[in-house]
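Hello,

Here is the structure I promised to pass on to you. Please have a look at it first, and then read my notes below.

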Amino acid sequence: MGQFTGNTSWHVRAAATRIRDDGCDECLAGVLTLGGGGALEFFDNGLIGFLMVNNHILGLGPIDGINHWPLRAGLGPFGGFRVRWTHELVSLLTGELTWLPAQDPKLTWNAEFSTRWLMTRDVGFGVAARAQPAAASLRGFANLYF
């Protein structure tokens with residue numbers, strides 16, 4: 001049985017993102033995401049499942065958002081699982097559904113899977129796949145820790 005971690009999980013993100021849905025195909029926009037929820041831990045932190053509610057504000061791009069302004073706002077569930085296979089190898093699966101009131105489309109979603117391998121204390125490599133309503137992508141990446 002899973003153990004509730006007892007702490008509120010928080011999600012904060014400020015970035016640029018590429019939107020690929022019926023409301024804006026290939027738009028680059030600034031995004032601010034704030035969310036909170038809870039997490040369950042299994043197998044001595046080997047598996048963590050989490051569920052949050054995220055709030056998004058996107059803008060500064062060619063978005064046709066609220067009242068045709070270049071501003072999009074939405075909220076919805078965000079959840080996933082993190083698997084720690086070993087100390088050096090970690091996978092993350094996430095999914096999100098966002099309701100966009102008074103905007104088109106009314107709903108959008110994304111799903112992502114990534115795996116990271118910590119090769120040394122300072123260097124990690126990984127691969128990530130992402131799907132949205134109008135696109136899918138696969139990328140490799142390297143992380144340098146200092």
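**What I found**

E8 and E9 each contribute at least two residues to the lining of the largest cavity. The largest share of that lining, three residues, belongs to E9. The residues around the largest cavity are Arg20, Arg130, Gln132, Ala135, Ala136 and Ser137. Its volume is about 40 Å³, and the structure has one cavity of 30 Å³ or more. Please keep in mind that this is a predicted model.

Now for the overall picture. The protein has zero helices and nine strands, so to speak of its elements from the N terminus on is to say β-β-β-β-β-β-β-β-β. The C-alpha trace spans about 50 × 35 × 25 Å along its principal axes. Of the 146 residues in the protein, 32% are buried.

**The pocket**

The largest pocket holds about 550 Å³ of space. Its lining consists of 30 residues, and Arg13, Thr17, Glu96, Asn110 and Arg130 lie nearest the centre of the pocket.

Which strand gives the largest share of the pocket lining? That is E2, with seven residues. At least two lining residues each come from strand E2 (9-21), E3, strand E4 (47-59), E5, strand E6 (89-99), strand E7 (107-118), strand E8 (123-132) and strand E9 (135-144).

**Nonpolar groups**

In soluble globular proteins, nonpolar side chains tend to be buried together. Here the largest nonpolar core has seven residues, namely Ile19, Cys24, Cys27, Ala29, Val31, Leu58 and Ile63. Strand E3 (residues 24-42) provides the largest share of this core, with four residues. There is also a second, separate core of five residues, among them Ala39, Ile48, Phe50 and Met52.

Val12, Leu32, Leu34, Ile57, Trp69 and Leu71 make a nonpolar surface patch of about 590 Å². One of them, Leu71, sits in strand E5 (residues 71-84). Leu71 has a relative accessible area of 32%, so Leu71 counts as partly exposed.

**Salt bridges**

Side chains of opposite charge can pair when their charged atoms come close. How many salt bridges are there? The count comes to two.

In one of them Arg72 pairs with Asp21, and the closest N and O atoms are 3.0 Å apart. This pair joins distant parts of the chain, with Arg72 in strand E5 and Asp21 in strand E2, 51 residues apart. Arg72 and Asp21 are both buried.

In the other, the side chains of Arg139 and Glu112 meet at 3.7 Å, N to O. This pair also links distant parts of the chain: Arg139 is in strand E9 and Glu112 in strand E7, 27 residues apart. Are these two residues buried or partly exposed? Arg139 is partly exposed because its relative accessible area is 45%, and Glu112 counts as partly exposed because its relative accessibility is 25%.

**Backbone details to check**

- At 70% relative accessibility, Phe43 is exposed.
- The peptide bond from Asp104 to Pro105 is cis, and its omega is near 5°.

That is my tour of the model. I hope you enjoy looking through it.

Best wishes

Note on methods: Residues numbered from 1 in each chain as written. Predicted model: local features only at pLDDT ≥ 70, side-chain atom pairs only at ≥ 80, totals over all residues. Heavy atoms only, no water. Core = buried A, V, L, I, M, F, W, Y, C linked by side-chain atoms within 4.5 Å. Buried < 20%, exposed > 50% of the residue type's maximum accessible area, 1.4 Å probe, protein only. Patch = residues over 30% accessible without salt bridge, like charges linked within 9 Å, V, L, I, M, F, W, Y side chains within 5 Å. Areas by Shrake-Rupley, 256 points an atom, 1.4 Å probe, with all protein chains shown as cover. Salt bridge = Lys/Arg side-chain N within 4 Å of Asp/Glu carboxyl O. 1 Å grid on protein atoms, 1.4 Å probe; cavity = no way out; pocket = protein on both sides within 12 Å on 5 of 7 lines; lining within 4 Å. Points joined across faces, edges and corners; volume = space filled by probe spheres on them.
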